[in-house]
Amino acid sequence: MPVSVSFVAVVTQSVAAGLVAGLCLLQAIWWRNDRGRSGSGWLLAWTAAIGVLLAVNVALSVLPPGTAYDVVMFARAQVLATCVVLALPTVAAFTGGPPVRAWVLAAAAAFALRAVVWLTTDLVVVASTGASSVRGPLAVPTFFLPLLVVVGYLLRALRSTDDRRASVVIGGTGLVSVALLALPYLAPVGPWTHPLTVTWTLPLVAGLTAVGLGRLATVDRETRRQHALRDALSEASSAASVATEPDGLLQQAETIARRHLGDPTVAGTTRPLPCGRFVTTFERADGASTDPRAAGFLDDLARLVSSAAERITLARDLRQAAFVDSLTGLPNRHALERHLAAAIRTASERNHQLAVLFCDLDGLKIENELHGHAWGDRLLTDAGRHLRATAGEDGVVARFGGDELVVVLAEPGPPEALRDLAWRIRSGLSTGVPDRAVPLLSVGIALWCPESAGAPEHLLRQADAAMLEAKRTRSGVVVFDDALRARMQAEEELRRELDVALVGNELTVHYQPVVDARTLEVVGVEALARWEHGGRLRMPGEWLPFAEDTGLIVPIGRTIVGIARGGSRRMGLPVMVNVAARQLAEPSFVDHVVADWGRGDWGRLTLEITESALLQDMPHVLESLTRLRALGARIAIDDFGTGYSSFARLATLPVDVLKIDRAFVDAVTTDEGAAVVRAIVSLAQAYRLDVVAEGVETLEQLDALVALGVPKLQGFLLGRPAAGRPGPVRLPRPAER
């Protein structure tokens, strides 16, 4: 019978060892996929130790008594101790119990002490006789002491875990395993003693495996859920990329959240914040809390909806800013051009006329200076409302830019009705402020007809030209006609010719002498721009005003400065160069003068500035002229005495020369004219300024100016402008006449 039982035990444990080896392989795959997150690593180590224990038990069952048997018997005891100790971190990993290091050290120390007693005394094992052993008096106590440590930690871990299901499973199987482990030490030693030392592990291994598989299933469900929520966010992101309305996107997001969370009560709200920001929230209707993963999904979904709402709102604002004037709320220039192009196409298809009324608010700059820009903005806004009300539903009103408004009429009606509408636009503006004068509007009218076939920009230019003519003539309303068309064509031709003149070096300079009043010696020259074109000399009156209006005076002025520098060097005389207001207003005016005049000889250059140019942008003018004077150039006020409170401002201006206007020179032979010139000379002497009287044409004027103490003179009497160096003045000296 014992032989039969021993054989059965060997076979049983061998089969069990094979099963444990297979279980280790499965657990190794589990551990590799799980990365040890659910305690699979410790369970694998524990199961491997159990397999080793089964193999040692099989070897112990077939060995005869002797030294080898005693060694294997001791080794089996240490492997069993290892299995008991490994149960601690395994249980800790599956229950999330308290720190296990102290418990492991205590159990390991107890088993180590048992091993020492085993090897040095007979208190643990007295004798080994194959299938049976004679236990010493400390065999059971030294084993139960570390076993109590394991049981104590098991109870402590089960009390602290939050997973109630795992607590029940591990607690139940753990108690069964402890009972099976204690049984071999409480019963007499027999053939089943060694197998029972392994069997105790099976319930706890099964329990821990069940808990681990349950956690794996939970992790798998959470992973699939996480992927589903990620797909839901991708779906919402795709919807957001094509959404055009925040409310519609919010409804789509609600549908996605309800479908993927399985909760039909989820509802979202989007609230606008300052600066174009939005905040979105998703909540359950009953106010119940959601799990952290679902809450995170709803937060991500809310941020996605908020970002999309901000993008949609920003795009809408940008579209509006691209085609709507922010001040008046009217269509802007871009919208006007698009509408006008469409209106022309429609008019062409229907074979009827189209009218454009170009309106300019008269005196808006003065209104801004007198009452502030807020008042000017109100005038523009009121003007826009006035035009919309006057033009009616058939008219489209747009702000072209600055103080310019445009009305497009698809059905202009007869000419009399159109003029009547323009006059009502001109004088019908009201601001509702009784103590402020209401400015008028200048209106230019241009008509498009199918046979004209003009582009939108041409029609706008025609209406603009008519408006400018209305301002120039102060007639209020002007219709673009053949005369204006001829003028526009002439100006276009003049513009092309001036462009060619600048490129082809057609501009030149004639020099008019400036002479000493007593000696009539030429002491300087004034550089006057001339244009040699088409075989004749074109005088400044033909083209200079146009150049100033169009801004061509800036490159023309730079050319004249360069030519004047060369003339000054050739003649060895100082030169005076006129500077237009448009040139002086340029931010790079000083840099232009420095580049065009070149290095050195700054004392030979005098820049003539009109009083009106001085007052256009006083801080910029003062800075520019101060910089040029620091280089050595001289500054002259041209046409001095014609207005703008020059006497009061003279002390603050960087000025070296006063040029008396020809109007005062013409009247110098009268008492009143002489008084004005005398005052200017006295003022110049007080401020240590040089004086030049221009426009001297008669001997009487010459004598009067000399008598009044004017030091320098200029005029046709003393020399006309010419291309070369001025010759000597051939007049009798005043003292000899």
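Start with one side-chain pair. Select aspartate 656 and arginine 629: a polar contact of 2.9 Å joins their side chains. This is a predicted model, so read each distance as a computed value.

**Stop 1: around aspartate 656**

Look at the backbone here. Aspartate 656 lies in the loop between helix H23 (646–649) and strand S16 (657–660). Is aspartate 656 buried or exposed? It is buried, with a relative accessible area of 15%, because the cut-off for buried is under 20%. Now show its neighbours. Leaving out residues up to four places away in sequence, aspartate 656 touches Arg629, Ala633, Arg634, Ile635, Leu689 and Asp690.

**Stop 2: aromatic rings**

How many aromatic pairs are there? The count comes to four. Select phenylalanine 74 and tryptophan 118, an edge-to-face pair. Their centres are 5.7 Å apart, with 80° between the planes. This pair links distant parts of the chain. Phenylalanine 74 belongs to helix H3 (residues 67–95) and tryptophan 118 to helix H4 (residues 101–120), 44 residues apart. Tryptophan 118 is buried, at 13% relative accessible area.

Next, select tryptophan 597 and tryptophan 602. Their ring centres are 6.3 Å apart and their planes meet at 40°, so this pair is tilted. Tryptophan 597 is buried, with a relative accessible area of 2%. Tryptophan 602 also counts as buried, at 10%.

**Stop 3: a charge over a ring**

Select arginine 720 and phenylalanine 716. The charged end of arginine 720 sits over the phenylalanine 716 ring, 4.0 Å from the ring centre.

**Stop 4: helix H9**

Select residues 246–261. This is helix H9, with 16 residues. From first C-alpha to last, H9 reaches 22 Å, close to the 22 Å expected at 1.5 Å a residue. Colour the buried residues of H9: Pro246, Leu249, Leu250, Ala253, Glu254, Ile256 and Ala257. They cover an arc of only 170° around the axis, so they lie on the same side of H9. Which exposed residues does the face turned away from the buried side carry? Asp247 and Gln251. After H9 comes glycine 262, with a positive phi near 65°.

**Stop 5: aspartate 231**

Finish on helix H8 (residues 201–242), where aspartate 231 is found. Aspartate 231 is partly exposed, with a relative accessible area of 46%.

Notes. Residues numbered from 1 in each chain as written. Predicted model: local features only at pLDDT ≥ 70, side-chain atom pairs only at ≥ 80, totals over all residues. Heavy atoms only, no water. Helix = DSSP H or I, 4+ residues; strand = E, 2+ residues; numbered from the N terminus. Buried < 20%, exposed > 50% of the residue type's maximum accessible area, 1.4 Å probe, protein only. Polar contact = N/O pair within 3.5 Å; in protein donor to acceptor, adjacent residues only side chain to side chain. Contact = heavy atoms within 4.5 Å. Phe/Tyr/Trp six-rings, centres within 6.5 Å; stacked < 30°, edge-to-face > 60°. Lys NZ or Arg CZ within 6 Å of the ring centre and 35° of its normal. Expected span 1.5 Å × (residues − 1). Arc of directions from axis to C-beta.
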